[in-house]
Amino acid sequence: MDLGLSDRAAPLHTAVRAMIADEIAPLDAEFLAEVDVGDRWQFTPRQTEILEGLKAAARDRGLWNLWRTDGAGGAGLSTVDYAYMAEEMGKSHLAAEVFNCNAPDTGNMEVFARYGTEALQERWLAPLLAGEIRSAYLMTEPEVASSDATNIAMSCVRDGDAYVLNGEKWWATGAGDPRCAVYIVLVRTGDDAAPKHARHSMIVVDAATAGIERLRAMQVYGHDDAPHGHMHLRFTDVRVPVENLLVGEGRGFEIAQGRLGPGRIHHCMRALGQAEKALEWMCRRSLARKAFGRPLAHLGATYDIIAEARMGIEQARLLCLKAAWMMDRGDARAAAPWISQVKVVAPQVALRVTDAAAQMHGAAGLSQDTPLARQWTHLRTLRLADGPDAVHRRQVARAELRRYSAPAA
Ligand SMILES: Cc1cc2nc3c(=O)[nH]c(=O)nc-3n(C[C@H](O)[C@H](O)[C@H](O)COP(=O)(O)OP(=O)(O)OC[C@H]3O[C@@H](n4cnc5c(N)ncnc54)[C@H](O)[C@@H]3O)c2cc1C
């Protein structure tokens, strides 16, 4: 098992790392400050200039669509190689989008690439791959426990050459972005007579379709994440051409599993990058600031705190790389419990390290003067987004128990 960065990917990794450190991260604070200028849900000219300028530079340097591990386009990286790139991207607010590697678009592009017809690929995948539009993934609903996706209730009924959609979705990440042009939506097409995992379908919806209302932006601990947003939407008699239904009625779960696997691991990789940054800031602060006549680094339990942070990150990274390696072997079913393990572990480690770093900064650590409070808030959401911890633990435990409950040969 080789969990190292390949020789082929090493120069790309160096280039990604350097561009983030020298060109992207230095613009994060300015970009974020611009959100409060004018309409929060539109990009200011300066934000567009920053983002599009960096994207053009990344594209010119071949640092584009690096997530694409399926061999079609992109840099043809393995998931293990990509893990090293994504970790670097986690170190800056803007980096993932600069390289066209941001959520939820990578997962959605994966769906279009694997399950979209030629016409859907031309209409939506091409501009997504070019970084011209953005997309959202609509699964979660306010009225049902959405961690169990068999509960999803948005109705989707065929009427001639269209499906008609009715219901509400919330936490649609990215749907507030003025560039968000398309939604991939999990809907219910089958009745109770159909097997539980064949009642749902995935359908592509043009975000400009009549009947879609934006009710509000959901807030995470009081933050609306504008202009990206996590939107609450209502669909009333939304007519969608039948050819927009992916693969066929009742195949929604199959597609959801394919979509969420890579997306989940990408989040974990970036979380580790955030943890590394937090540890760096914690060490620097503890050496630079004195209390009781000594640097904080040499007071109380600081050694333990720093050592625990380093050990936690290393353990989580190895688990993440093992999950990536399992994915590269091509057996999605075998990889699933590994992805679930790291989906529980990585956000929790990154949260612990970020919290410890904030504490080391005193009150400043909770304020707008460091990236730590914002980072903590984002990491906390990862314990729910793409499945809550409990659901992933369930996956891990069930896989473990299967080993002992299979009938003897
Ligand atoms: C910032 C953010 C962004 C998001 N982005 C998106 C998005 O883009 N698209 C989208 O569709 N959704 C998105 N979500 C929603 C997210 O995927 C759901 O919140 C998640 O799947 C849980 O569904 P729920 O909120 O309905 O919780 P519920 O299903 O009601 O679950 C609540 C709690 O019940 C417990 N629980 C559930 N199952 C079990 C179990 N098997 N064993 C033990 N306990 C259990 C857990 O503690 C769980 O947290 C986002 C969420 C957040 C916070």
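In the hairpin formed by strand 2 and strand 3, two residues lie between the strands, and Gly160 there has a positive phi near 65 degrees. The model is a predicted one. Strand 2, which covers residues 155-159, pairs with strand 3 in the antiparallel sense, over five bridges. One of the residue pairs joins Asp159 to its bridge partner Ala162 in strand 3.

Strand 5 itself runs over residues 200-206 and is mostly covered, with six of its seven residues buried. As background, side chains in a regular strand alternate between the two faces of the sheet.

Among the helices, helix 3 (residues 79-89) is mostly covered, and eleven of its eleven residues are buried. The buried residues of helix 3 include Asp81, Glu87 and Glu88, and also Val80, Tyr82 and Met85. In general, an α-helix has 3.6 residues a turn, so residues three or four places apart point the same way.

Helix 7 (residues 252-288) contains Leu272. Is Leu272 buried or exposed? Leu272 counts as buried because its relative accessible area is 1%, and the cut-off for burial is under 20%. Between Leu272 and Ile313 there are 6.8 Å in space, C-alpha to C-alpha, although the two are 41 residues apart in sequence.

The loop between helix 9 (332-360) and helix 10 (372-381) holds Ser367. Thr370 is placed in the loop between helix 9 and helix 10 as well. The side chain of Ser367 reaches the backbone oxygen of Ala364 at 2.7 Å. A polar atom of the Ser367 side chain also lies 2.9 Å from the backbone nitrogen of Asp369. For Thr370, a polar side-chain atom is 3.0 Å from the backbone nitrogen of Leu372. Thr370 has a relative accessibility of 14%, so it counts as buried.

How many residues surround the ligand? There are 20 of them, and the closest are Tyr137, Thr140, Ser147, Trp171 and Thr173. By class, this shell is made up of twelve nonpolar, six polar and two charged residues.

| Residue | Protein atom | Ligand atom | Distance |
|---|---|---|---|
| Tyr137 | backbone N or O | nitrogen | 2.8 Å |
| Met139 | polar backbone atom | oxygen | 2.8 Å |
| Ser146 | polar backbone atom | oxygen | 2.9 Å |

On its own, the ligand has 980 Å² of accessible area, and the protein covers 67% of this. Which elements give two or more residues to the shell around the ligand? They are strand 1 (134-138), strand 3 (162-173) and helix 11 (389-405). Helix 11 gives the most, with three residues. In terms of domains, the shell draws at least three residues from each of domain 2 (135-250) and domain 3 (254-405).

Key. Residues are numbered from 1 along each chain as its sequence is written. This is a predicted model: local features need pLDDT of at least 70, side-chain atom pairs count only at pLDDT 80 or more; totals for chains, interfaces and linings use all residues. Side-chain values use heavy atoms; hydrogens and water are left out. A residue is near a molecule or strand if one of its heavy atoms lies within 4 Å of it. A polar contact is a pair of N or O atoms within 3.5 Å; within protein, one must be able to donate a hydrogen and the other to accept it, and residues adjacent in sequence count only if both atoms are side-chain atoms. Accessible areas come from the Shrake-Rupley method with a 1.4 Å probe; for residues, only the protein chains shown count as cover. Helices (H or I, at least four residues) and strands (E, at least two) are DSSP runs, numbered from the N terminus. Ala, Val, Leu, Ile, Met, Phe, Trp, Tyr, Cys and Pro count as nonpolar, Asp, Glu, Lys and Arg as charged, and the others, Gly among them, as polar. Domain bounds come from an automatic or database domain assignment. Two strands pair if DSSP finds at least two bridges between them. Buried means under 20% relative accessible area, exposed over 50%, partly exposed in between (1.4 Å probe, protein chains only).
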